[in-house]
Amino acid sequence: MTEFLVKLFIKNSEDITNRKVRADYGVLAGAVGIGLNICLFIIKFLIGVAVKSVSVTADAFNNLSDVAGSVISLIGARLAGKPADEEHPFGHGRIEYLSALVVSFLILQVGFMLFKNSLAKIINPEPLSFSWVGFIILFISVLGKLWLSLFNEKLGKKIGSQVMLATAADARSDMIATLATLVSLFVFYAFDFNVDGLIGIIVSFFVLKAGIDIVKETLVSIIGEANDPELGKEISEYVCNFENVLGVHDLIIHNYGPSNSFASIHVEVPSDMSLDDAHVLLDNIEKQVASKYKMMIVTHADPVDIKDKRVIELREIIKEVVDAENDPKLSFHDVRIINASGGKLNVVFDLVIPWNYNNEKKNEIIINIRENIKKKNDKLNLVITLEHSYGS
């Protein structure tokens with residue numbers, strides 16, 4: 001059914017990096033959610049009125065309120081798909097994260113209300129009444145919400161949409177809450193034992209956890225997160241394959257929405273390469289990366305002296321000392337000799353350290369590396385700049 005709907009309503013559905021295609025996915029998910037919840041509302045409301053069941057009628061209006069989540073998903077997808085303009089030159093993609101955040105608050109509201117109502121039922125137990133009509137209607141609702149959850153989850157994973165995944169979690173939370181009611185009713189029917197409040201409390205914790213997890217994931221994207229390790233490695237290796245590229249570092253990827261990223265990277269090139277040749281190389285890299293990965297990238301040239309024996313020897317010494325620290329997250333780059341005079345060599349390089357190093361560990365690593373390098377060559381004045389990687 002999912003694939004059928006996608007092929008029926010979304011043109012070029014496999015081009016998921018296309019802004020319009022992503023927006024069409026969001027509109028489809030939102031429209032399906034609105035349609036299903038309205039259908040459930042109408043069916044439950046009519047049957048609830050016909051059999052004069054307050055619980056079925058109340059659950060019908062609960063489905064009507066669930067339309068809000070689908071509306072938010074639909075509107076968010078439309079707004080996120082708007083092209084860049086003068087006021088928003090990086091596009092509107094982050095609206096998708098804000099939409100997911102709003103949906104997560106709806107999930108938290110469901111969790112809090114379920115906890116509150118369940119606690120009230122434990123303190124002041126209410127007599128249950130079993131109705132096969134109500135039971136069947138609630139079971140149909142569970143199946144509908146299950147399908148809606150799987151539908152949004154499949155689309156969300158396909159295009160990497162947090163708002164769709166949040167909507168899937170919202171539908172799943174509703175499904176679990178209704179399923180808990182079914183279990184309570186069945187236990188009451190079979191054993192004449194009321195566990196409604198207890199099961200509701202347990203389910204509320206699962207719903208609240210789902211909402212909190214979505215809030216955390218969404219806030220990470222809004223605040224800014226580390227580079228995706230696999231994507232970072234792939235881009236770095238791709239750039240390194242260009243002729244005259246000796247290495248890369250300081251790759252930074254800025255996310256302005258799931259399909260809208262900008263990046264910058266330092267590219268090591270031979271120091272004797274002319275400025276014109278370096279410009280041509282970097283310009284070509286930027287164009288090729290933009291074409292392959294659908295992101296704008298800015299390159300910075302770092303000259304590396306591959307002919308000066310002193311620099312080559314220094315790089316080997318520094319590598320041996322850094323490797324001896326037995327921390328794979330330690331690395332270095334930009335080794336340079338500046339103002340060599342008086343028999344001393346002024347050596348400058350950048351040392352990349354893990355984020356979890358405290359000040360004491362930073363001082364310790366600097367002292368160790370200084371001492372071990374000078375043991376191999378005591379005619380060096382070392383200037384070491386500490387920095388962090390932008391990867392995870």
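Q: Which residue just after α6 takes a positive phi?

A: D192 does, with a phi of about 55°. The model is predicted: local features need pLDDT of at least 70, side-chain atom pairs count only at pLDDT 80 or more, and totals for chains, interfaces and linings use all residues. Residues are numbered from 1 along each chain as its sequence is written, and side-chain values use heavy atoms, with hydrogens and water left out. D192 is not a glycine and sits in the loop between α6 and α7 (196-223).

Q: Is D192 buried or exposed?

A: Buried means under 20% relative accessible area, exposed over 50%, and partly exposed in between, with a 1.4 Å probe and protein chains only. D192 is exposed, at 60%.

Q: Where does N326 lie?

A: N326 is in the loop between α10 (309-323) and β4 (331-341). N326 has a positive phi of about 55° although it is not a glycine, and it is exposed, with a relative accessible area of 68%.

Q: Which residues is L382 in contact with, leaving aside its neighbours within four places in sequence?

A: Contact means heavy atoms within 4.5 Å. L382 contacts V347, F349, R370, I373 and K374. L382 belongs to strand β6 (residues 380-388) and counts as buried at 9% relative accessibility.

Conventions
Helix = DSSP H or I, 4+ residues; strand = E, 2+ residues; numbered from the N terminus.
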